[in-house]
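Reader: I have a new model open and want to learn to read it. Where do we begin?

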Amino acid sequence: MGASVTRAIRNFNLENRAEREISKMKPSPAPRHPATKIHLRDQMSSHPDIKKEIDRKDDKLLSLLKDVYVDSTDPMSSMQVKDAGTPQEPKEFRLLKGHHFGINVENIPKGKISVVEALTLLNNHKLYPDTWTAEKIAEEYQLEQKDVNSLLKYFVTFEVKVFPPGDKKAIGSK
């Protein structure tokens, strides 16, 4: 809705504003340096035909300009391009595995896992690496083998270790 309001404001009275801008007096050139004025005056006095040549309109160039025709079309928006493509295949979903911890997720696309599932499978692999191998995890959660290998290699769960104070000067918790 905001885009349509912005477009309406932007296009309001567009032709009149453009005509008004075109009909304005063109800005005068910047003032020249005094030394340049002297050189220009000398050149104009020695070559009076230069002024005529500058002001003359070239008929050949004007005729070529009249032959130019520009036809413009707006490019298709990204939404139209997406719609014009092949229809999407229906996604396959699977249910969550294990404890949900109060998360309201009805289904997850195949090849994806939730955060809770990721933490669960990482913890299971850490505690029982012989039982929860990468192959079993890939089969259980319907994931690709290379994704599971990367997940097990680069992600670890947090592990809290509390070290007892080694000396009596350590500050105890209150």
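Reader: How much of the protein is buried?

Author: This is a predicted model. Of the 174 residues in the protein, 11% are buried.

Reader: Which helices and strands does the protein have, and in what order?

Author: There are nine helices and two strands. Along the sequence the pattern runs α-α-α-α-α-α-β-β-α-α-α.

Reader: What share of the contacts links residues 24 or more positions apart?

Author: Take the contacts with a separation of 6 or more. Residues 24 or more positions apart account for 32% of them.

Reader: Where should I look for a core?

Author: Start with the general idea. In soluble globular proteins, nonpolar side chains tend to be buried together. Now the case here. The largest nonpolar core has 11 residues, among them Leu-121, Trp-132, Ile-137, Tyr-141 and Leu-152. Helix 7 (115-127), helix 8 (134-140) and helix 9 (145-154) each supply at least two residues of this core.

Reader: Which residues does Ala-138 touch?

Author: Ala-138 is one of the core residues. Leave out residues up to four places away in sequence. Ala-138 then touches Leu-143, Glu-144, Gln-145 and Val-148.

Reader: How do I read the sides of a helix?

Author: An α-helix has 3.6 residues a turn, so residues three or four places apart point the same way.

Reader: Is Asn-124 buried or exposed?

Author: The cut-off for buried is under 20% relative accessible area. Asn-124 has 18%, so Asn-124 is buried. This residue is in helix 7. Beyond residues up to four places away in sequence, Asn-124 touches Pro-129 and Trp-132.

Reader: Is Glu-117 buried or exposed?

Author: Glu-117 counts as buried because its relative accessibility is 1%. Glu-117 also lies in helix 7. Its side chain reaches the backbone nitrogen of Ser-114 at 3.0 Å.

Reader: And Glu-53: where is that residue found?

Author: Look in helix 4 (residues 49-55). Glu-53 has a relative accessible area of 47%, so it is partly exposed. A polar contact of 2.9 Å joins its side chain to that of Arg-56.

Reader: What should I check in a loop?

Author: Check the backbone angles. Most residues other than glycine have a negative phi, and most peptide bonds are trans. Now go to Gln-142. Phi of Gln-142 is near 55°, a positive value in a residue other than glycine. Gln-142 is found in the loop between helix 8 and helix 9. At 35% relative accessibility, Gln-142 is partly exposed.

Note on methods. Residues are numbered from 1 along each chain as its sequence is written. This is a predicted model: local features need pLDDT of at least 70, side-chain atom pairs count only at pLDDT 80 or more; totals for chains, interfaces and linings use all residues. Side-chain values use heavy atoms; hydrogens and water are left out. A nonpolar core is a set of buried Ala, Val, Leu, Ile, Met, Phe, Trp, Tyr and Cys residues joined through side-chain atoms within 4.5 Å. Buried means under 20% relative accessible area, exposed over 50%, partly exposed in between (1.4 Å probe, protein chains only). Helices (H or I, at least four residues) and strands (E, at least two) are DSSP runs, numbered from the N terminus. Contact means heavy atoms within 4.5 Å. A polar contact is a pair of N or O atoms within 3.5 Å; within protein, one must be able to donate a hydrogen and the other to accept it, and residues adjacent in sequence count only if both atoms are side-chain atoms.
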